[in-house]
Amino acid sequence: AEPWGRRAVEICLGRDVRLMIFAGEEILVKPDYKALLEKVYPYPAFHQAATVTEDPLAYMEEHGLPLTKIHADGRPEDFPLAELAALEGLTLTSSNPHDFEVVGDGVDKGRSLALVAALYGVPLEQCAAVGDSDNDLAGLRAAGLAIAMGNAPRNVKDAAARIAPTDEKRILRALEVWRETGKTITAHAAAAGDRPPRYEAAWLG
């Protein structure tokens with residue numbers, strides 16, 4: 001088990017924040033948060049995978065589950081960021097101004113992209129990454145083609161080669177055409193030549 005894991009969970013449970021605790025293959029949520037998510041987070045796959053428990057820490061210990069990630073929503077003034085930052089072995093990030101995430105040091109989307117690319121034998125310089133949040137930065141920096149969404153904050157856009165429109169249907173259709181026809185996307189930094197590089201897409205969540 002991670003040396004920081006139990007203490008990080010204890011700190012978060014002691015604050016007025018809503019938690020998703022990723023432990024092993026499970027996602028632990030309290031009953032009240034699960035009820036809220038069923039109204040505002042309409043993704044059946046998540047709800048089928050979520051485990052409801054009043055005491056996530058006791059559940060983890062009873063089932064011998066390692067902590068993978070903590071995702072917390074709430075008011076920024078209630079976030080225990082200073083306490084968490086004082087723990088060794090973890091990294092803090094976020095996906096919007098009203099949440100924070102806790103993962104182990106060295107765990108990020110750049111490393112995940114590298115692992116997926118290696119699995120499929122695709123060089124990182126031929127991979128594309130799309131992101132809109134701080135927790136996407138490592139993935140954008142690792143990919144050959146970094147694409148930021150139009151709603152991304154400035155630091156994320158600055159890390160990207162392209163800015164995509166904030167329109168899910170247009171983006172999904174572009175990816176469908178890309179997949180169906182094998183068309184390529186050329187990054188602005190790609191070397192000039194008759195044949196632009198082909199980029200592979202990897203979805204990292």
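**Notebook: helices, sheet and a few strands**

I started with the helix pair: H1 (residues 5-13) packs with H4 (residues 56-63) at an angle of about 155°, and their axes are 10 Å apart. Because of that angle, H1 is roughly antiparallel to H4 (angles over 145 degrees count as roughly antiparallel, under 35 as roughly parallel, 65 to 115 as roughly perpendicular and the rest as oblique). For the record, axes are lines fitted to C-alpha atoms, for helices over the stretch in contact, and angles run from 0 to 180 degrees between N-to-C directions. Helices (H or I, at least four residues) and strands (E, at least two) are DSSP runs, numbered from the N terminus.

I noted that this is a predicted model, where local features need pLDDT of at least 70 and side-chain atom pairs count only at pLDDT 80 or more, while totals for chains, interfaces and linings use all residues. Residues are numbered from 1 along each chain as its sequence is written, and side-chain values use heavy atoms, with hydrogens and water left out.

Back to the pair: which residues of H1 and H4 make the contact? I found Arg6, Val9, Glu10 and Leu13 on H1, and Pro56, Leu57, Met60 and Glu61 on H4 (contact means heavy atoms within 4.5 Å). These residues of the H1 and H4 contact divide into five nonpolar, no polar and three charged. Here Ala, Val, Leu, Ile, Met, Phe, Trp, Tyr, Cys and Pro count as nonpolar, Asp, Glu, Lys and Arg as charged, and the others, Gly among them, as polar.

**Helix H2**

Next I looked at H2 (residues 31-40), where Tyr33, Lys34 and Leu37 are buried. They cover an arc of only 100° around the axis, so they sit on the same side of H2 (the arc is that of the directions from the helix axis to the C-beta atoms). The face turned away from the buried side of H2 carries the exposed residues Asp32 and Lys39. Buried means under 20% relative accessible area, exposed over 50% and partly exposed in between, with a 1.4 Å probe and protein chains only. The buried residues of H2 pack against S1 (18-23), S2 (26-29), H3 (44-49), S3 (50-52) and S4 (67-73).

**The sheet**

In what order do the six strands of the open sheet come? I read S3-S2-S1-S4-S6-S5, with mixed pairing (two strands pair if DSSP finds at least two bridges between them). S3 and S5 (90-93) are the edge strands, each pairing on one side only. From one strand to the next the twist averages 20°.

S2 and S3 run parallel, joined by three bridges, and Leu28 has Thr51 in S3 as its bridge partner. H2 lies across S1, S2, S3 and S4 and runs at about 100° to S1. H4 also packs on the sheet, touching S1, S2, S3 and S4, and its direction makes about 150° with that of S2.

Leu90 stands opposite Gly104 in S6, and a hairpin of five residues joins S5 to S6.

S7 and S8 run parallel, with four bridges between them, and Ala129 stands opposite Ala146 in S8. Is S8 (residues 145-149) mostly covered or exposed? Five of its five residues are buried, so I logged S8 as mostly covered. Leu145, Ile147 and Met149 point one way from S8, Ala146 and Ala148 the other.

Last, I checked Gln126, in the loop between H6 (109-120) and S7 (127-131). Gln126 is partly exposed, with a relative accessible area of 32%.
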